[in-house]
Amino acid sequence: MSTPPASASAPDPAPAPSPATASPSPARTARPRPRGLPRRLAKLYAGLALYGASSALLVEAGLGLEPWNVLHQGLAELTGLTIGVVSIIVGAAVLLLWIPLRQRPGLGTVSNVFVVGIAMDGTLALVPDTHALAARIPLLLAGVVLNGMATGLYITASFGAGPRDGLMTGLHRRTGRSVRLVRTLLEVAVVATGFALGGTVGVGTVLYAVAIGPLAQFFLRVFAVRPAPRGGTAVTGGRPEGAILPG
């Protein structure tokens, strides 16, 4: 029997990898640093500051506040504290309720507690008192629109829900009730309590309830981060227009 040639019994050696196909070095495989972080932080704090300022404009208009600020104003009347300080205290108390609900706060959650209240008191100190209806109506309209803009800014920064919204989503998960029902019950409760304590409920409260959804959705789309190019790093994902409104 003849012996087959060596070339028939042994495979050809694999070609050496070219520089283009060689395994990347550890330096090349290292995860890239997140891009857009300074921009996201700017959006977060600009949004929270604007949220507090817009709420202050609604206070100055005196034609009705958003639900939680009805409660804050009522507690401020009761305690003699500023509405901004009350907002911080209530926000911190609500954040404590996250513990039994097993909610995890983010940077945006903790920042929300302090920045909104500080911005509200700062704006109230700067804006002069107005009594004429012709001046109060523009303040009301500006407050509602800027509140929607603030919503778009800070939610698209993607640093976590506000403490009040976290309470809502936590109750939604624990009770199995719809988000809409839980939010409605919470806001009816805080409005009723705030009104009983002296908070302002009026046409502004109704306008806010009707307009804030469409305004927030519009600004969420305006400020949403577009998907990164192929191979790049996206700053935010998902569909921010479906996000929950801040609280």
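Which side chains meet in a salt bridge at 3.5 Å, N to O? I looked this up first, and found Arg 183 and Asp 165.

**Ground rules.** I note that this is a predicted model, in which local features need pLDDT of at least 70, side-chain atom pairs count only at pLDDT 80 or more, and totals for chains, interfaces and linings use all residues. Residues are numbered from 1 along each chain as its sequence is written, and side-chain values use heavy atoms, with hydrogens and water left out.

**Salt bridges.** I take a salt bridge to be a side-chain nitrogen of Lys or Arg within 4 Å of a carboxyl oxygen of Asp or Glu. The structure holds two of them. In the bridge between Arg 183 and Asp 165, distant parts of the chain are linked: Arg 183 sits in helix α10 and Asp 165 in helix α9, 18 residues apart. For helices I use DSSP runs of H or I with at least four residues, numbered from the N terminus.

The other entry pairs Arg 183 with Glu 187, with the closest N and O atoms 3.0 Å apart. Both residues lie in helix α10, four residues apart, which is about one turn of the helix. Shared partners join Asp 165, Arg 183 and Glu 187 into one network.

I then checked accessibility, where buried means under 20% relative accessible area, exposed over 50%, and partly exposed in between (1.4 Å probe, protein chains only). Asp 165 has 5%, so it counts as buried. Arg 183 has 21%, so it counts as partly exposed. Glu 187 is partly exposed because its value is 22%.

**Positive phi.** Which residues did I find with a positive phi of about 60° although they are not glycine? Arg 102 is one, and Ser 158 is another. Most residues other than glycine have a negative phi. Arg 102 lies in the loop between α6 (98-101) and α7; at 74% relative accessibility, Arg 102 counts as exposed. Ser 158 lies in the loop between α8 and α9; at 37%, Ser 158 counts as partly exposed.

**Nonpolar core.** I use this term for a set of buried Ala, Val, Leu, Ile, Met, Phe, Trp, Tyr and Cys residues joined through side-chain atoms within 4.5 Å. The largest core has 42 residues, and Leu 44, Leu 58, Trp 68, Leu 140, Val 144 and Tyr 208 touch the most other members. Among the elements that give two or more residues to this core are α3 (37-61), α4 (67-79), α8 (133-156) and α11 (203-223). The largest share, nine residues, comes from α3.

Neighbours within four places in sequence aside, the contacts of Leu 58 include Leu 63, Leu 65, Leu 140, Val 144 and Tyr 208.

**Helices α5 and α9.** How do the axes of α5 and α9 cross, and within what distance do they come? They come within 8 Å and cross at roughly 30°. Axes are lines fitted to C-alpha atoms, for helices over the stretch in contact, and angles run from 0 to 180 degrees between N-to-C directions. Angles under 35 degrees count as roughly parallel, so α5 is roughly parallel to α9. The contact is made by Ser 87, Val 90, Gly 91, Val 94 and Leu 95 of α5 and Pro 163, Arg 164 and Leu 167 of α9.

Conventions. Contact = heavy atoms within 4.5 Å. Parallel < 35°, antiparallel > 145°, perpendicular 65-115°, else oblique.
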